[in-house]
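I opened this model to go through its helices, strands, charged pairs and core. My notes follow in the order in which I looked things up.

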Amino acid sequence: MGKLTLLLLFMAFSQGDAAADGCPTGWSAFGLKCVKFFATPLDWMSAEKSCQTFGGNLVSVHSKAENDLLLNMVPGTTRTYIGGHDAVKEGQWMWTDGSVFDYNNWCSGQPDNYANIDHTLEINFGNHCWNDNDKQVQLAYICERPLE
């Protein structure tokens, strides 16, 4: 067997699954966190509380690569909550996990704070971009939790 073949076999078997990488079964590893899509629609606050029961929060997004990974988890055109909000101060977006809001993928014209009630963040709106939304709307959601 050639060195290249051995290297490829080593890489394939060392990748492991998410559980081996420190994520529970059904969760996907990304960087230092595990993420999971939940299809059951909840309002934004209930979705955040659900994520907290797993020791995490609604997911925060810090790069295009991470945004793309999350969009690939979402089936079709399913609008989905993530952890961004501007509930403390209008226009000042923050993540529920306390990390810096250093990336965005807003749709054209967003965020618009429609009817002065849009204070939460959803992905996969329109052309796979972000929209601010009313926290009462029930949507699917994505949780994050630390690697174990």
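**Entry 1: a charged pair in a helix**

By about how many helical turns are Asp 68 and Lys 64 separated in helix α3? I found that the two are four residues apart in α3, so the separation is about one helical turn. I keep in mind that this is a predicted model. Asp 68 and Lys 64 form a salt bridge, and their closest N and O atoms are 2.8 Å apart. I then looked up the exposure of each partner. Lys 64 is exposed, with a relative accessible area of 52%. Asp 68 counts as partly exposed because its relative accessibility is 29%.

**Entry 2: the overall layout**

I stepped back to the whole chain. I counted three helices and eight strands. Read from the N terminus, the order of elements is α-β-β-α-β-α-β-β-β-β-β. The chain has 148 residues, and 41% of them count as buried. Its accessible surface comes to about 8,200 Å², and carbon and sulfur atoms hold 57% of that. I also looked at contacts between residues at least 6 apart in sequence: 66% of these join residues at least 24 apart.

**Entry 3: the faces of α3**

I returned to helix α3, which covers residues 64–73. Its buried residues are Glu 66, Asn 67, Leu 70 and Leu 71. Seen down the helix axis, they fall within an arc of 135°, so they line one face of α3. Lys 64 and Asn 72 are exposed residues on the face turned away from that buried side.

What do the buried residues of α3 pack against? I listed strands β1 (28–30), β2 (33–42), β6 (118–125), β7 and β8 (139–146).

General point for the notebook: side chains of opposite charge can pair when their charged atoms come close. I counted five salt bridges in the model. One of them joins Glu 66 to Lys 33, with the closest N and O atoms 2.5 Å apart. This pair links distant parts of the chain, since Glu 66 sits in helix α3 and Lys 33 in strand β2, 33 residues apart. Are Glu 66 and Lys 33 buried or exposed? I noted both as buried.

Lys 33 has a salt bridge with Glu 144 as well, and there the closest N and O atoms are 2.8 Å apart. Glu 144 is in strand β8 and Lys 33 in strand β2, so to speak distant parts of the chain, 111 residues apart. Glu 144 is buried, as is Lys 33.

I looked up the largest nonpolar core and found 17 residues in it. Val 61, Leu 70, Ile 82, Leu 121, Ile 123, Trp 130 and Ile 142 touch the most other members. The elements giving two or more residues to this core are β2, α3, β6 and β8. Another core, of twelve residues, lies apart from it, and Leu 58, Leu 139, Tyr 141 and Cys 143 are among its members.

I took Val 61 for a closer look. Leaving out residues up to four places away in sequence, Val 61 touches Glu 66, Asn 67, Leu 70, Ile 82, Trp 95, Asp 102, Tyr 103 and Trp 130.

**Entry 4: Asn 131**

Asn 131 belongs to strand β7, residues 129–134. Its relative accessibility is 6%, so I put it down as buried. Which side chains have a polar contact with the side chain of Asn 131? One is that of Glu 122, at 2.9 Å. Another is that of Gln 110, at 3.4 Å. With neighbours within four places in sequence left aside, the contacts of Asn 131 are Trp 106, Gln 110, Thr 120, Leu 121, Glu 122 and Phe 125.

**Entry 5: backbone details**

Gln 110 came up again when I checked the backbone. A cis peptide bond joins Gln 110 to Pro 111, with omega about -5°. Pro 111 lies in the loop between β5 (94–95) and β6.

Asn 116 is also placed in the loop between β5 and β6. It is not a glycine, yet its phi is positive, about 60°. Asn 116 counts as exposed because its relative accessibility is 61%.

I noted a positive phi for Asn 124 too, near 65°, again in a residue other than glycine. Asn 124 is part of strand β6. At 4% relative accessibility, I recorded Asn 124 as buried.

Conventions:
Residues are numbered from 1 along each chain as its sequence is written. This is a predicted model: local features need pLDDT of at least 70, side-chain atom pairs count only at pLDDT 80 or more; totals for chains, interfaces and linings use all residues. Side-chain values use heavy atoms; hydrogens and water are left out. Buried means under 20% relative accessible area, exposed over 50%, partly exposed in between (1.4 Å probe, protein chains only). A polar contact is a pair of N or O atoms within 3.5 Å; within protein, one must be able to donate a hydrogen and the other to accept it, and residues adjacent in sequence count only if both atoms are side-chain atoms. Contact means heavy atoms within 4.5 Å. Accessible areas come from the Shrake-Rupley method with a 1.4 Å probe; for residues, only the protein chains shown count as cover. The arc is that of the directions from the helix axis to the C-beta atoms. A salt bridge is a side-chain nitrogen of Lys or Arg within 4 Å of a carboxyl oxygen of Asp or Glu. A nonpolar core is a set of buried Ala, Val, Leu, Ile, Met, Phe, Trp, Tyr and Cys residues joined through side-chain atoms within 4.5 Å.
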